[in-house]
Amino acid sequence: MSGPVLGLVACAAGGIEDLRTQLIEPMQADGWTVAVTLTPTAATWLRASGEFDEIQEATGLAVRDQARLPTEASPHPQVDCYAVVPATANTVAKLALGIADNHALTGVSEAIGNGTPPIVVFPRINAAHAAHPAWRGHVDTLQRVGVHLVVGDDVWPLHAPRSAPGRQLPWATIRTTILRAAAGP
Ligand SMILES: Cc1cc2nc3c(=O)[nH]c(=O)nc-3n(C[C@H](O)[C@H](O)[C@H](O)COP(=O)(O)O)c2cc1C
């Protein structure tokens, strides 16, 4: 394995079913190694669909959903850029508040505090998530510390909950944002 390493964190949100074909394999085609970590709920979903094993096979790395034992070495290489895709409203809120109560949150929370490596987040949210009174503050917090948020009416217009099933994520914009973030200022 060679090339830069993308630490890809995926949450239990729509679009995760396309993660391998729309993000992992295209990034590999661009020369990246992709190390995938899932939230506990996302891991349940991908185990049920069979994608958990497919992603392990495609990346050649363990898909992580649990912390290692203190006596174990990490099965993932050091990361050059994090991407949280898709990010749930839940995980975005936890990242903004510094809550790291599952393994997927741990590395990204640390990177937010460190200011490195760069982080890209695509909040796969609906209009109700965005209307929550705490949402604006979470987005402001993350943007203030330099997290690259893939948001806005041009890339992800907000719909009412459950009004747009099967919606494609803005994969091309997500991939471009990762490449730009990793290239630095
Ligand atoms: C079928 C289904 C689809 C969901 N889609 C989304 C979604 O697109 N965005 C979101 O923020 N939450 C979504 N949720 C809710 C999250 O899965 C839920 O908040 C979960 O606790 C998130 O856990 P995680 O952030 O640790 O992955 C969905 C739930 C279900 C059951």
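View 1. An oxygen atom of the ligand lies 2.8 Å from a polar backbone atom of Ala89; a polar contact here is a pair of N or O atoms within 3.5 Å. Taken alone, the ligand exposes 640 Å², of which the protein buries 60% (accessible areas from the Shrake-Rupley method with a 1.4 Å probe). In the side chain of Thr88, a polar atom is 2.5 Å from a ligand oxygen atom. For Thr39, an N or O atom of the side chain is 2.7 Å from an oxygen atom of the ligand. This is a predicted model, in which local features need pLDDT of at least 70 and side-chain atom pairs count only at pLDDT 80 or more, while totals for chains, interfaces and linings use all residues. Residues are numbered from 1 along each chain as its sequence is written, and side-chain values use heavy atoms, with hydrogens and water left out.

**View 2. The shell around the ligand.** Residues around the ligand (a heavy atom within 4 Å of it) include Cys11, Gly14, Trp45, Asn90, Arg124 and His129. Helix α4 (residues 89-97) gives the largest share of this shell, three residues; helices are DSSP runs of H or I with at least four residues, and strands are runs of E with at least two. By class, the shell has five nonpolar, six polar and one charged residues, with Gly counted as polar and Cys as nonpolar.

**View 3. The open sheet.** Five strands in parallel pairing follow the order β2-β1-β3-β4-β5; two strands pair if DSSP finds at least two bridges between them. β2 (33-38) and β5 (148-149) stand at the edges with a single partner strand each, so one side of each has no neighbour in the sheet.

**View 4. Pairing of β4 with β5.** Strand β4 (residues 119-123) pairs with β5 in the parallel sense over two bridges. Val120 stands opposite His148 in β5.

Key:
Polar contact = N/O pair within 3.5 Å; in protein donor to acceptor, adjacent residues only side chain to side chain.
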